[in-house]
Amino acid sequence: MFARDDSDRDAPSPATRRSSCIHQLDRRTFLQRAALGAVAALVAEGFAPSFALAEHVAQLTPIGAVGTARTYDIPAQDGVFVDVAGEVALARSGGRLFAFSLACPHRGATLQWKTGEQRFFCPKHKARFTTDGAHASGRATADLDRFALQRAGAQVIVALDQPLEAKSDPAAWAVAVLVL
Ligand code: FES
C-alpha cells in the first residue's frame, strides 16, 4: 500500500496550472523567439533537435481561431505538434489524435518531449507521460490534462477554454480523442 502524499492535496486546478504554465513560458519571450526555436526548447536535452524536429516534433500553427477555440490541420503523420502561443500540443499516435495542455498536471511546469523515449517529460519532478496522456512514471500522479476535440473535414477544432482533468472528469477526459 502506498502512503498518501500530502503535498498533492493542494494541487492546483487544471485552469490554474495552465495559467501558471503560461506565466512560466513568458509570452513576451515566446513572441520574441523564432517559432521553431521555441518548439526546440520543448524537446528534452539529450537528443539532437534537428533529428527530433524532423522526425517527431514540429511547430503547429492554427489556421483559424474563434474565441478560445483553435482550428488546426490534422497532422498527416504520427508525432507531436506544438502550438507555442496556444500552449497546446497535439499528439498523433496509432490512428488517434489528442490535444494536451503543456502544463504538467502536478505543479504546472512546462512539459517537454523526449523523442528517444516517446514520452512527454516534466523536467521539474521527472514525471513521464505516454502519447495518450497517461501518467507513466515519476513524481506526478495524474494523467495529462486534455482538451476536447472536434473533427471538421481535414481539420480539428480544439477547445482551449477548459482543460479536462482525468481525475475530476474521467468521462469527458476519456472521450477527448479523435479516431482518425
Ligand atoms: S511539476 Fe511536479 S511532476 Fe511536473
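Q: What share of the contacts with a separation of 6 or more is between residues 24 or more positions apart?
A: In the protein chain that share is 49%. Two residues are in contact here if their C-beta atoms, placed from the backbone, lie within 7 Å.

Q: Where does the model come from, and how is the numbering done?
A: It is a predicted model: local features need pLDDT of at least 70, side-chain atom pairs count only at pLDDT 80 or more, and totals for chains, interfaces and linings use all residues. Residues are numbered from 1 along each chain as its sequence is written.

Q: How many helices and strands are there?
A: The protein chain has five helices and 13 strands. Both are DSSP runs numbered from the N terminus: helices are H or I with at least four residues, strands are E with at least two.

Q: And how much of the chain is buried?
A: Of its 180 residues, 36% count as buried. Buried means 20 or more other C-beta atoms within 10 Å of the residue's own; exposed means 12 or fewer, and partly exposed is in between, with C-beta atoms placed from the backbone.

Q: Which residues have the most contacts inside the largest nonpolar core?
A: They are Val 88, Ala 89, Leu 90 and Phe 147, in a core of 38 residues. Strands that each supply at least two residues of this core include β4 (79-83), β5 (88-93), β6 (96-101), β11 (146-152) and β12 (155-164). A nonpolar core is a set of buried Ala, Val, Leu, Ile, Met, Phe, Trp, Tyr and Cys residues joined through C-beta atoms within 7 Å.

Q: What is Leu 90 in contact with?
A: Leaving aside neighbours within four places in sequence, Leu 90 is in contact with Leu 60, Tyr 72, Pro 75, Phe 81, Leu 97 and Ala 99. Phe 81 also stands opposite Leu 90 in β5.

Q: Why is β5 described as largely enclosed?
A: Five of the six residues of β5 are buried, so the rest of the structure largely encloses this strand.

Q: How does β5 pair with β4 and β6?
A: β4 and β5 are antiparallel, with five bridges. β5 and β6 are antiparallel too, joined by six bridges. Two strands pair if DSSP finds at least two bridges between them. Arg 92 stands opposite Leu 97 in β6.

Q: What about the turns?
A: The hairpin of β5 and β6 has two residues between the strands, and Gly 94 there takes a positive phi near 60°. The hairpin of β4 and β5 has four residues between the strands, with Glu 87 at a positive phi near 55°.

Q: Is Glu 87 buried or exposed?
A: Glu 87 counts as buried, because 22 C-beta neighbours lie inside 10 Å. The residue sits in the loop between β4 and β5.

Q: Which loop holds Gln 118?
A: Gln 118 lies in the loop between β7 and β8. Its phi is also positive, about 55°, although Gln 118 is not a glycine. Gln 118 is partly exposed, with 15 other C-beta atoms within 10 Å.

Q: New topic. What is the strand order in the open sheet of four strands?
A: The order is β7-β8-β9-β10, with antiparallel pairing. β7 and β10 (135-137) are the edge strands, each pairing on one side only. β9 and β10 pair over two bridges. Arg 128 stands opposite Ser 137 in β10.

Q: Now Thr 71. Which strand is that in?
A: Thr 71 lies in β3 (residues 69-73). Thr 71 counts as partly exposed, with 15 C-beta neighbours inside 10 Å.

Q: What does β3 pair with there?
A: β3 and β12 pair in the antiparallel sense over five bridges. Thr 71 stands opposite Ile 157 in β12.

Q: And how many bridges link β11 and β12?
A: Six, in the antiparallel sense. Arg 146 has Leu 164 of β12 as its bridge partner. The two strands form a hairpin with two residues between them, and Gly 153 in the turn has a positive phi of about 65°.

Q: Last one: where is Ala 103?
A: Ala 103 is in the loop between β6 and β7 (112-114). Ala 103 is buried, with 28 other C-beta atoms within 10 Å. Its C-alpha is 8.2 Å from that of Leu 144, 41 residues apart along the chain.
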